[in-house]
Amino acid sequence: MSSRSMVERTALPRLRKQPGFRARLVCGAATLLAAGLLTASAAQASGTTTFCLDQANPSYATDRTVATAASHVDHLTPRFVVIDTSDKTDAMKARKPEFFAHLATRCDLVMGFPVDAGAPTLPDGVTASAAYARTGFVLAARGKTAPSFADLAPKTRVGTSYLTVPTTWFAEGHGTTLSEQEYSTPGTLYAALAQGRIDAALIWQPWLARHLAAHPADIAERRVSMPNADWNLVALYRQDNRAAAARFDREIKALSRSGRLARLIAPFRVPR
């Protein structure tokens, strides 16, 4: 679930290995730090909801906060099964097709899975909750404001992460007038932007939000009106946990109506 883990659009060209993400972006890997935790069915019986979270997922803090707030709507106690796909062993397991279906047996809901808002695709063996956050790829630039992708001047140096969705935006239209420069990770992409080696970066928003929270900098961002730029964060579940998923959806609706959900996911609200 790190930014190299789950944003991959397998139907898009060049993205089979994850939007630079499916080995690390949102919820993937497998050596669970859950020994001794209640099983999902036992947790439900005891008035708890169990959530799987990936510490390597850039949305980890938001996912945990949303899960906790949702549980409290129904006066339930959240329990967490925490994995870390930045670990090499977990990252290898996360690449296996059956990974998410297996992970979903260890909890009621697997938080933080990104799906393309326009063409959602899910792993086999699991279903998705309603979306609880909207995020995606943004254009970041140094300074107080970021330009739109359409307003970038010809030959502007624009960085992308290898095998991510934005790499497909330079094959036609306005993108062909720009100078694309690819980097191996979001970290090396951001470093190039911060050091002035590129003029703008097309980067996964949760990664940028987490980085800037830890390392404040004069970096602005803007949403991008391009194909497959917008993504939803959802929770995955197996059919035997559909009751817990339905309850989670009701809880998210309650948080949305009260205005609290918007405050919880505020880091993902950026100018268009």
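Predicted model: local features only at pLDDT ≥ 70, side-chain atom pairs only at ≥ 80, totals over all residues.

Reply: Residues are numbered from 1 along each chain as its sequence is written, and side-chain values use heavy atoms, with hydrogens and water left out.

Me: Why is Tyr132 called buried?

Reply: Buried means under 20% relative accessible area, exposed over 50%, and partly exposed in between (1.4 Å probe, protein chains only). Tyr132 has a relative accessible area of 2%, so Tyr132 is buried.

Me: What makes the link between the side chains of Tyr132 and Asp63 a polar contact?

Reply: A polar contact is a pair of N or O atoms within 3.5 Å; within protein, one must be able to donate a hydrogen and the other to accept it, and residues adjacent in sequence count only if both atoms are side-chain atoms. Here the side chains are joined at 2.7 Å. Tyr132 and Asp63 are 69 residues apart along the chain, with C-alpha atoms separated by 9.2 Å.

Me: How do you know that Cys52 and Cys107 form a disulfide?

Reply: The cut-off is a pair of cysteine sulfur atoms within 2.5 Å, and theirs are 2.2 Å apart. The structure holds one disulfide.

Me: Why is the disulfide of Cys52 and Cys107 called left-handed?

Reply: The torsion about their S-S bond is about -115°, so the disulfide is left-handed.

Me: And is Cys107 buried or exposed?

Reply: Cys107 is buried, with a relative accessible area of 0%, and Cys52, at 1%, counts as buried too.
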